[in-house]
Structure formats: C-alpha cells, structure tokens
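Have a look at it, and then follow the questions below.

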Amino acid sequence: MNDSNKSISNSEQAVFEAGIKLGALYHQFTGSPLNLETVDSLEKAISQSISVQPYVKNIKVAINRDMVRSKLNGEFGYCELEGCMLDVALDVSYKETEAQVSLKYDEKLNYPLMKIDRIDASPE
C-alpha cells in the first residue's frame, strides 16, 4: 500500500471479515456428498465450522432440499452440495460495527450470489 497513513475503517474490516467467511464456507463445503437424510447434519456442520471463526456473531445455513432431491443419483442415492443449494445469512461484529451478509441463489442470474445486506457502524 503506497499511502501508509490511510487507515482501514471498522466497516471495511467487518465487511472483509464477512466476505472471507462466506468464501471459505462456499469453497470448503461445495462438493460435499449429501442426501436428504444428511442435509440437517451438513447444515449444522457448516454453521458450527464457520461460527468458531473470529468476529462471527451469528450464522444461519439452509440447504434447498428440493434441489437436493432433484440432483440425487438414482443408483447411489446421493448428490454433491452445489452453491445454488445454499442459503446463508451471516452476521459479523468487528469492534463497534456489525455487517450482515448473505449467500443465496439468484434465479435471474442463475448464480449463487454473495452480497452485503447491511452495515451498522458507530461513528469512528
């Protein structure tokens, strides 16, 4: 960074932390084998894994069971977790700032989209 006097705001740090968590979640868990009997335990494992990371205040993970059902292999009865199956809400708290972010499949874009939903910051 050329300007060593420029400081990073708490809001910027909170959003960075939240983005790292969503990226880690996505790349760590997509491809995981699952079926309708293991969806609950995978949701719980994802939530618990991410919740222990620094600054995570709350996380909710839902896997779309209809998508899982439609992808099940007829012979073996399982499929792999795809990004489009995930619906995640994540709250990160960094100092006096809270960032709420999400990961959700956007049908219009045909893409699992990560976005910042809200930032609540006290004056820095």
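This is a predicted model: local features need pLDDT of at least 70, side-chain atom pairs count only at pLDDT 80 or more; totals for chains, interfaces and linings use all residues.

Student: Why is Y55 called partly exposed?

Tutor: Buried means under 20% relative accessible area and exposed means over 50%. Y55 has 38% relative accessibility, so Y55 counts as partly exposed.

Student: And what makes K95 exposed?

Tutor: The relative accessible area of K95 is 59%, and the cut-off for exposed is over 50%. K95 therefore counts as exposed.

Student: Where do these two residues sit, starting with Y55?

Tutor: Y55 lies in the loop between α2 (39-51) and β2 (56-63), while K95 belongs to the loop between β4 (86-94) and β5 (97-106). Although Y55 is not a glycine, its phi is positive, about 75°. K95 is not a glycine either, and its phi is about 55°.

Student: How do you know that the span of α2 is close to what is expected?

Tutor: α2 has 13 residues, and at 1.5 Å a residue 18 Å is expected. From first C-alpha to last, α2 reaches 18 Å.

Student: Which residues of α2 are buried?

Tutor: They are V39, L42, E43, I46, S47 and I50.

Student: What covers the buried residues of α2?

Tutor: The cover includes α1 (10-29), β1 (33-34), β2, α3 (65-71) and β4.

Note on methods:
Residues are numbered from 1 along each chain as its sequence is written. Side-chain values use heavy atoms; hydrogens and water are left out. Helices (H or I, at least four residues) and strands (E, at least two) are DSSP runs, numbered from the N terminus. Buried means under 20% relative accessible area, exposed over 50%, partly exposed in between (1.4 Å probe, protein chains only). The expected span of a helix is 1.5 Å times one less than its number of residues. Contact means heavy atoms within 4.5 Å.
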